[in-house]
Amino acid sequence: MHMNLLISKEVNTFRKDVLQGLQSTSKHLESKYFYDATGDQLFRDIMNCPEYYLTNCELEILKTQTAQLAAAIKSSAEPFDLIELGAGDASKSIYLLRYLLAQNHAFTYMPIDISGNVIAQLSNKLPALLPGLLINGLHGEYFEMLKKATTLSSRRKVVLFLGSNIGNMPLTEATIFCKALRSHLSIHDRLLIGADLKKDPKTILAAYNDKAGITKQFNLNLLKRINRELQADFDCNQFDHYACYDPENGACKSYLVSLQNQQITIDGAAPISFHKDECIAMEISQKFTVKQLDQLALDTGFYPVNHFFDDKEWFMDSIWEA
Ligand code: AVI
């Protein structure tokens with residue numbers, strides 16, 4: 001019963017957000033809804049695309065600069081909680097976890113993810129891969145779960161926010177997010193934040209316009225999710241994917257473009273009309289300069305302490321102190 005109530009609350013919020021986005025003059029959907037089970041798999045496929053350089057760049061940082069990263073996040077011998085926002089399969093953080101365990105640091109790993117499936121898998125698999133790991137998975141929204149983490153433990157917090165997830169928020173929203181994150185932390189807590197940097201515009205655009213068309217499927221999958229969960233009738237063959245990158249402001253954006261005049265219905269709501277060539281804004285993947293990211297830290301109550309780069313300097317993991 002409790003589970004059913006929870007599910008219907010989530011569906012109601014999803015429905016409200018989808019309708020609000022599609023009924024507004026500039027149609028848009030929220031990219032946080034990309035990640036159902038198929039979306040999770042498509043994102044893993046994107047990470048394996050030759051054009052999607054972000055994952056390998058950040059992996060290189062975590063693999064080759066593990067000791068320096070560990071030294072920068074712990075900053076003292078005190079025990080701490082290592083909290084990962086949007087942990088996914090922990091394929092990058094595992095390098096840090098393994099190193100901290102080998103060095104006998106006292107910490108509990110608290111992955112937070114909106115997907116219960118992700119948390120269950122991590123809680124099952126990680127202890128076998130990393131004997132001795134203390135893990136306390138938290139399934140839910142980031143800030144609700146951060147609050148919960150504080151009630152569970154009073155230890156210093158080190159938060160991981162990897163993968164340039166910060167780039168999936170427009171800058172004003174990213175500022176609000178970082179301020180809210182800071183409000184859940186205490187002085188001297190630390191954040192390890194990953195961000196994709198500005199670079200050759202062609203390299204960036206190719207990462208969001210892969211030849212195999214997986215990014216297109218990733219975007220269309222949200223329409224399929226809306227069909228399934230909200231009894232809608234999108235015809236995915238009548239939408240194409242369009243990605244663009246603005247090298248001036250660093251915004252890489254994805255759209256779905258209507259291929260004809262059409263109407264779609266979402267269970268119980270008035271039909272929604274699309275003109276031919278009308279776009280649904282699907283996602284922003286913001287690219288940063290080092291200076292911009294440092295400024296974001298300073299504007300939101302953090303102090304940028306260290307920067308770590310991959311060899312090509314395409315990606316940056318920064319340590320911010322609260
Ligand atoms: C999860 N996030 C950082 C990815 C990105 O690069 O913006 C999501 C993604 N969208 C298309 N490709 C990957």
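**Figure 1. A buried pair, K27 and E278.** K27 and E278 are both buried (under 20% relative accessible area, with exposed meaning over 50% and partly exposed in between; 1.4 Å probe, protein chains only). The model is predicted: local features need pLDDT of at least 70, side-chain atom pairs count only at pLDDT 80 or more, and totals for chains, interfaces and linings use all residues. Residues are numbered from 1 along each chain as its sequence is written, and side-chain values use heavy atoms, with hydrogens and water left out. The side chains of K27 and E278 form a salt bridge (2.7 Å, N to O), a term for a side-chain nitrogen of Lys or Arg within 4 Å of a carboxyl oxygen of Asp or Glu. K27 sits in the loop between α1 (2–23) and α2, and E278 in the loop between β10 (272–274) and β11, so the pair ties together parts that are 251 residues apart in sequence. Helices (H or I, at least four residues) and strands (E, at least two) are DSSP runs, numbered from the N terminus.

**Figure 2. The pair K287 and D196.** A salt bridge joins the side chains of K287 and D196 (2.8 Å, N to O). K287 belongs to the loop between β11 and α11 and D196 to strand β6 (residues 190–196), so this pair ties together parts that are 91 residues apart in sequence. K287 counts as buried at 1% relative accessibility, and D196 is buried with a relative accessible area of 0%.

**Figure 3. Other salt bridges.** The side chains of D277 and K276 meet in a salt bridge (3.5 Å, N to O). D277 is partly exposed, at 49% relative accessibility. The whole structure has 13 salt bridges.

Figure 4. Around the ligand are 14 residues, the closest being Y52, N168, Y208, E283 and S285; a residue is counted if one of its heavy atoms lies within 4 Å. A polar side-chain atom of Y52 is 2.5 Å from an oxygen atom of the ligand, and a polar side-chain atom of Y208 also lies 2.5 Å from an oxygen atom of the ligand. In the side chain of E283, an N or O atom is 2.7 Å from a nitrogen atom of the ligand. The ligand taken alone exposes 340 Å², of which the protein buries 98% (Shrake-Rupley method, 1.4 Å probe). α2 (37–47), α10 (214–230) and β11 (279–286) each supply at least two residues of the shell.

Key: A polar contact is a pair of N or O atoms within 3.5 Å; within protein, one must be able to donate a hydrogen and the other to accept it, and residues adjacent in sequence count only if both atoms are side-chain atoms.
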